[in-house]
Amino acid sequence: SPQITNKMNTPNLTIPLNSSIHDMARQFAAQQLTPEKGMGVYLNTLSVWAVHRYLKWLQIESEPSNSDSWHPGLRALFDVADLVVPNLGKLECRPILSGETRLTLPPEVTKDRIGYIVIQFCDRLQEAQLLGFAPPLAANSLDELKITDLQPLDTLFDVLETLESNLVVTPEKTPVDLSKWWQNIFDRGWQAVEELLPPQTIGLAYRNMEVRRAKLIELVTNKNIHQLTLIFTLKLENPEELGIHLLLLPFGKENQLPPQSPLPPETNLMVLTESGEVFREITAKEKDTFIQYEFTGQPGEGFSIKIGLGEASITEAFII
């Protein structure tokens, strides 16, 4: 839960943009299909990072790695610059270039936001200026933000304090309902294994009463982007018990099993109980090309999977 204790008047705060975040933004942009989309992703990435640094300075937790803007598939499909504030919601961090006085919000960011911060860049993108805050859009309101209508950044803390005071401890996201996997209904981001690993290299055939899906995991540390593949196998052991097998391996252009390249050392795979306690933790050692864990559960039970590296982590909740 954030510590909303450092409220201060910091109008037009300037955040320096170092080479590491430019390298990251450049990598994200290079994955896009057109130069125009690439530039949009570049500026969105810088915006999210600038707000993340601002909140960190104020000791307010935020999670770029759990945001849609940090997800390779979602940022390719949508124009998103969201930043997750754990348990409270998503801030949208919209870039505006020097000289512009207003911006139009893409449809995908006009809902499900706790507010908007507008960020303006200098000509050489060496620093970002936080211009102000706008509250969530009212129904049927215009999808346009004007700089002259922005509220001081302090308003953001009032919003966060209100949200925190009304907080009911619930999972940030709706848990993945594994019972739907038997009906071929899958949550966003969970793909057929063949879409991430070539079929001829998998050597894993579907068995009776077994479902297997894969998800691309992206962890961003200070200097590097680490892309991993999580393969999740759900197997019906008997009507009262399901087997769950987790396999975490590097993602790359030459995907194959067994993987040829090692996981980053100290990569963590954790299984958490429904109450958030650590049930099992597996850590990659140097030269480990994958880590895995297998356990069983009963229908209706909940658990979470947390994958981490350094300060970066992604958590997803499940219900059997």
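This is a predicted model: local features need pLDDT of at least 70, side-chain atom pairs count only at pLDDT 80 or more; totals for chains, interfaces and linings use all residues.

Select Q59 to begin: this residue is exposed, because its relative accessible area is 57%, where exposed means over 50%, buried under 20% and partly exposed in between, with a 1.4 Å probe and protein chains only. Q59 sits in the loop between α2 and α3, and its phi is positive, about 60°, although it is not a glycine.

Residues are numbered from 1 along each chain as its sequence is written, and side-chain values use heavy atoms, with hydrogens and water left out.

Next select N87, which lies in the loop between β2 (82-85) and β3 (89-97). N87 also is not a glycine, yet has a positive phi of about 75°, and with a relative accessible area of 38% it counts as partly exposed.

Now turn to the aromatic rings, of which a search of the whole structure finds 13 pairs; rings of Phe, Tyr and Trp (its six-membered ring) pair if their centres lie within 6.5 Å, and planes under 30 degrees apart count as stacked, over 60 as edge-to-face and the rest as tilted. Select F28 and W70, an edge-to-face pair with 5.4 Å centre to centre and 90° between the planes. Because F28 belongs to helix α1 (residues 19-30) and W70 to the loop between α2 (35-57) and α3 (72-77), the pair ties together parts that are 42 residues apart in sequence. F28 counts as buried at 0% relative accessibility, and W70 counts as buried at 3%.

Continue to W190 and F318, an edge-to-face pair with 5.9 Å centre to centre and 70° between the planes. This pair links distant parts of the chain, 128 residues apart, with W190 in the loop between β8 (176-177) and β9 (191-192) and F318 in strand β17 (residues 312-319). Both W190 and F318 are buried.

Which residue lies over the face of F186? Select R213, which is there at 3.6 Å from the ring centre; a charge sits over a ring if NZ of Lys or CZ of Arg is within 6 Å of the ring centre and within 35 degrees of the ring normal.

Terms used:
Helices (H or I, at least four residues) and strands (E, at least two) are DSSP runs, numbered from the N terminus.
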